[in-house]
Amino acid sequence: MLGNLGSGLDPHVERRVTWLSLLVIVAFSIFGLRLFQLQVIQGEALRLRSERNRIRTVRLEAPRGQILDREGRPIATTRAAFSLQAIPAEVRQPDVTWPVLAELVGGEAGALRERVEKPRGRRRFQPVDLVGDLSRDALARVESHRYALPGVTTDVRPRRLYVDGEFAPHLLGTLGQVRESQLKTRAFADYRAGEVVGQSGIESLLEAHLRGRAGGRNVVVDVAGREVEVLEEVEPEPGGSVVLSLDWDLQEIARQAYRRESGGVDRAGAVVALDPRNGDVLVLLSSPGYDPNDFVGGIDTATWRSLNDNPRRPLHDRVLSGQYPPGSTYKPIVAAAALEEGIANAETRVFCPGHWKLGRRTYRCWKRAGHGWVDMQKALVESCDVFFYEIGRKLGIDRIAYFARGFGLGRKPGIGLPQEKAGLVPTTAWKLARRGEPWIGGETISAAIGQGYNLVTPLQLAVATATLANGGTQIRPRIVLRRTDRDGRILEVTHPEVRGTAPVALEHLERVRDGMIGVVSSPRGTGHAVAVKGLEVAAKTGTAQVVGLQHTEDLDEEEIAEHHRDHAWFIAYAPAKAPEIVVTVLVEHGGHGGSAAGPVAGKLIQAWWDKKQAALAPAESPTLEDGSPEPVVTADAVVEGEGDRAAN
Amino acid sequence: MLRIDRRSAQNFDWLLLGLTVVLVGMGLANLWSATHSGPGGMAPEVRRQLTALAIGTMALVAAVAVDYRHLQRLAMPAYVATLVLLLLTLVLAPVIRGSQGWLVFGPVRIQPSELARVGAVLVLARWFARNPPSQIRQLRELWKPAALLVAPVTLIVLQRDMGVALLTLLVGTTFVVFVRIPARAWAGVAALGVAAFAGLWSFGLRDYQRGRILDFVDPGRDPLSSGYQAIQSTIAVGSGGLFGKGYLEGTQTQLRFLPTQHTDFVFSVLAEEWGLIGSFVVLGLFIALLLWGLVIARNSKDNFGAFLAVGCVALLFWPAAINVAMVLGLAPVIGVPLPLFSYGGSALLANLATIGLLLNVSMRRYMF
């Protein structure tokens, strides 16, 4: 019944099957010849090579690129670290090796042994890392006992070093071993398990640039595992450098201001200093900080726990992701809005009896006795709340929000780091959508003095202040000035970027800026304390309420538990007429802005001013002192130099 | 007809079975050495390979039991099933070591591309049995088998397994040896092939794949990475000399210079430890197996049997040839396992089923 499927084999098919047999025979004959060539003709040579071939491939880590401040001072660099490894298959006397090693480098013999022997299988000839960063003493002890420790090797690797640990950890970010989940993604396709990568901050943002390229070395090793001969070597390529806009000196001043002398935890807060002309971030500090050096080789549990459980939350980046009510630092924006909308002008006056009524509710001015008759200048200088209640009510929340957005609030400042927050600019539509409730008139009153739903981050407030200072241009904060290769050749320059314009006429901005100058220059101004000799500074203080006023208004500041005290804000810029630096300071639970945050801003502006003066001073006759044997100096140059000195 | 009647049993091909048993035994012993690490126990790879051997033996028995002429009717469903598995792999499988070749069902991991080759051989044998190739004189008459072959190859390419895709293409293309198409038509195909390769080189290949081809042309190009494998493999084979270094004594093997010595480079382990003599024995056994398979094809009493047997020989010949050529530094490093020797359950299962089909055709050569 199956016969009809075929009846005998086609002779053509039979012939062609013979061809296939020939193909098989020819192919395998070639293999036979090749085997003969390799195993007999070259056999002796290759056998020698295989005997010598106790080759180990050693990976040469690439030094990570440097992170420099704006003047080229290294913030993050690399140093040589000694590491200790063991090759499982070559540890021939485990009962001797592990106790001796534990004695030499510290640690427990059982733990060391387990670490090396646990991953069984085909990794037995690959070195297993035991200690990532061996001290010089421990290294010397291991080296001197080397012959007693077959299978144990040491190695030098570049390791990230943050020159001044707590310099700007939240910005720089941390390094850590590449995560299992990351290895599965395309971005990490050419990474290997255990490799160190930037896990946050600049380290992560510019990972591809900083990483460099690992090299490798094939080395012949002897019985003791020592390298006898290097066969091939592919040099690692160090990563490229990054020049940040930060100014080391100013950042350091800001840090000092938050430091507690008696070894306690630093005060909590944030500082930003921007150049309002181009967005350069000169200072970016979140305090308290931590030391990212602790993370480089994997952070130990105790350190991690102490950081994570610290009530002041050192890991939290206050400057980019801390969101606070702006308090009275919001008033310049509300004032600008009122001027632009024609709700107020220079002559508008409001009587402040110390409180203000809307319907049945009473809103207080911070000054219980009242400010009397207040115009806009006085309202800004003395931070009168009643004046802003009045113009805030007339503006309405949605118009306030429109102007706030014009100054860059309610959106991420665009520095490029993932932890950046957008703050909150409340509107009627927002409340309806988010809370399902209509906006209440009284909420506008709180919002007009920067309380209520308003939220800003310190960096956002700095951008808003810069917008005010530079005449209405909303600029993107620039943290990376340029990327260079390892030899300093520029690869990419970050150009300043305008992100928007505040919809306020220049004359109206001038009016607000006059008020902010008064905050410092007027003896009654809330920011009088930050006056810098020879420099006109404009500023505004602010207080962000932490708990409702009703609980604390009757108490003196000293009597309020610290964590119930309000946050202190201070925004400032200088020189007032042609601003070159904007400073925003937040002191958490600092109480009033003027007294707690003001001095920090004052010190920063003073330091900036001193530095600028020093840079402007003539260099000390370099033509005469540079040691050149034949000073070629014209009479004109000498006279010019003397003239300069006389002028100072 | 599902039983093995007395006449078939009398004609059972003990030679083929014997060759298979010897090769499988050598393969296991060699795998033991390739995965051996210090004293103590069986490597997990060997244990898994033994499990696969048990399942493969059942597959072999099944492939023998059903009269191959009934397989004509099963060819299409089997082919479609393997395509579905390939598709599933593409959709479900996680990316393992750069290609998506595995399908995971709890503890069972199968590599459908290994099974897909067998499916392709079944449908192609059926097609050529119904469309006698001695009458095929024009290329366009081959569009149907070409389409049958391109489907699984495309799916395997999409899994980024270029080696296995190429292998599947070669196995299927073996059948064109039977058609009568004039040489100048093939010249056209060759020109097209060169153009396709140029296109693939420029746009289709990933950097590492280009690198492997360049490494083959010049192994010293990048001695630390893939060229390294070719160099170490050559050293391993050559250092084996005439008599080899002895079982479990190969220094290249035991020091693990080759990361994939239990899969793609398993033949280097054999050549190092058993030398020219051992290599010749194994290659001789392979030649015997393959030529005997072709004898079975010639003795087959119908075209389907002949084509099925030829397909089975192709299924064993091409991976063996490519793999050995690669180990001996005669071909670029592409991930193709050596039948019956390399670690890999799906491949062992497919190889044993293939041999089962050969046994099937062989023992029913007189059934009329």
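**Notes on the strands and helices**

1. In chain A, strand E22 (residues 567-574) and strand E23 (residues 581-587) are joined by seven bridges and pair in the antiparallel sense, and A:Ile571 has A:Thr584 as its bridge partner in E23(A). Strands here are DSSP runs of E with at least two residues, helices are runs of H or I with at least four, and both are numbered from the N terminus; two strands pair if DSSP finds at least two bridges between them.

2. This is a predicted model, in which local features need pLDDT of at least 70 and side-chain atom pairs count only at pLDDT 80 or more, while totals for chains, interfaces and linings use all residues. Residues are numbered from 1 along each chain as its sequence is written, and chains are lettered from A and ligands numbered from 1 in the order in which they are written.

3. An open sheet of five strands in chain A has the order E12-E11-E23-E22-E21, with antiparallel pairing. Its edge strands, each pairing on one side only, are E12 (281-287) and E21 (538-544) of chain A, and the twist from one strand to the next averages 5 degrees. Helix H10 (residues 248-258) of chain A packs on this sheet, where it touches strand E11 (269-274) and E12 of chain A, and its direction makes about 25 degrees with that of E12(A). Axes are lines fitted to C-alpha atoms, for helices over the stretch in contact, and angles run from 0 to 180 degrees between N-to-C directions; residues are in contact if their C-beta atoms, placed from the backbone, lie within 7 Å.

4. Strands E14 (residues 355-358) and E15 (residues 361-364) of chain A run antiparallel and are joined by four bridges, with A:His355 partnered by A:Arg364 in E15(A). The two strands form a hairpin with two residues between them, and A:Gly359 in the turn has a positive phi of about 60 degrees.

5. Chain A comes to 26 helices and 23 strands. Among its contacts between residues at least 6 apart in sequence, 72% join residues at least 24 apart.

6. In chain B, the axes of helix H12 (residues 266-299) and helix H13 (residues 303-327) come within 10 Å and cross at roughly 160 degrees. H12(B) and H13(B) are therefore roughly antiparallel to each other, a term that applies to angles over 145 degrees. Among the residues that meet are B:Phe286 and B:Leu290 in H12(B) and B:Val313 and B:Phe317 in H13(B).

Terms used
Parallel < 35°, antiparallel > 145°, perpendicular 65-115°, else oblique. Contact = placed C-beta atoms within 7 Å.
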